[in-house]
Amino acid sequence: MAASAATRVSERIKHDHDELREYYNNIKNAQRDDDKVKWQNQFVWELARHSVAEEIVVYPAFEKHIPNGMVMAEKDRSEHQQVKEKLHTFQSLAPTDPTFHSTIDSLWEALAQHMQEEERDDLPALEQALDDEASGQLARSFDRTKHFVPTRSHPSAPDRPPYETAVGMLATPLDKLRDMFRRFPEGKPGANYLKAF
């Protein structure tokens with residue numbers, strides 16, 4: 001979904017959260033291993049991009065516009081690091097691995113709590129500090145950034161600009177090349193994005 005001038009940054013982030021929730025449920029409910037792999041790839045693809053885009057675009061906005069934004073951004077970066085480490089483990093597991101479901105459940109538990117706190121506390125504070133135009137610009141920047149960041153988890157990479165941006169520029173082409181050989185659910189953003197190449 002492209003961000004329009006009327007779309008606020010919180011709407012874009014909540015949209016991603018809803019997609020991640022859908023992908024998690026599809027992984028858990030898939031009956032065939034092939035379907036689990038497709039939804040696993042879609043989940044990893046979306047979460048990796050979402051996390052890095054937040055760190056590059058949204059967390060600096062917390063720091064700039066919210067009085068306690070530095071503390072908020074550091075807390076969120078710390079939570080992201082835990083999620084990235086769990087995602088790094090999960091992205092390499094086959095559905096036949098005995099730890100596959102427990103790993104995604106552990107990842108989801110950490111992620112769901114982070115998303116809930118972000119939607120309840122962080123995003124409303126940011127939106128209160130921004131007018132419609134500034135929020136819309138941030139939403140568009142968030143969407144654009146997701147096109148240029150890694151599509152896999154790299155937990156050892158820096159988590160703040162400009163270092164994260166530089167490392168991401170190095171990791172992104174390799175991730176996208178590897179994505180060409182991964183299977184995604186038909187009609188979902190990961191599959192559609194790759195058809196453009």
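A crossing is called left-handed if the near helix is turned anticlockwise from the far one by less than a right angle, and right-handed if clockwise. Helices (H or I, at least four residues) are DSSP runs numbered from the N terminus. The model is predicted: local features need pLDDT of at least 70, side-chain atom pairs count only at pLDDT 80 or more, and totals for chains, interfaces and linings use all residues. Residues are numbered from 1 along each chain as its sequence is written, and side-chain values use heavy atoms, with hydrogens and water left out.

**Helix pairs**

| Pair | Axes come within | Crossing angle |
|---|---|---|
| Helix 1 (residues 9-29) and helix 2 (residues 33-65) | 9 Å | roughly 155° |
| Helix 1 and helix 4 | 11 Å | roughly 165° |
| Helix 2 and helix 5 (residues 132-146) | 9 Å | roughly 140° |

Angles under 35 degrees count as roughly parallel, over 145 as roughly antiparallel, 65 to 115 as roughly perpendicular and the rest as oblique.

**Helix 1 with helix 4**

The axes of these two helices cross at roughly 165°, which makes helix 1 roughly antiparallel to helix 4. Helix 1 passes helix 4 in a left-handed crossing. Their contact (heavy atoms within 4.5 Å) involves residues including Ile13, His17, Leu20 and Tyr24 of helix 1 and Ile104, Trp108, Leu111 and Met115 of helix 4. By class, the residues of this contact divide into 12 nonpolar, 3 polar and 7 charged; Ala, Val, Leu, Ile, Met, Phe, Trp, Tyr, Cys and Pro count as nonpolar, Asp, Glu, Lys and Arg as charged, and the others, Gly among them, as polar.

Helix 4 (residues 100-129) has 30 residues and spans 41 Å from its first C-alpha to its last, close to the expected 44 Å, a value given by 1.5 Å times one less than the number of residues. At Glu118, helix 4 bends by about 45°, the angle between axes fitted to the seven residues ending there and the seven starting there.

**Helix 2 and its partners**

Helix 1 also passes helix 2 in a left-handed crossing. Among the residues making that contact are Ile13, Leu20 and Ile27 of helix 1 and Trp39, Phe43 and Leu47 of helix 2. The contact has 10 nonpolar, 5 polar and 6 charged residues.

Helix 2 passes helix 5 in a right-handed crossing.

Notes. Axes are lines fitted to C-alpha atoms, for helices over the stretch in contact, and angles run from 0 to 180 degrees between N-to-C directions.
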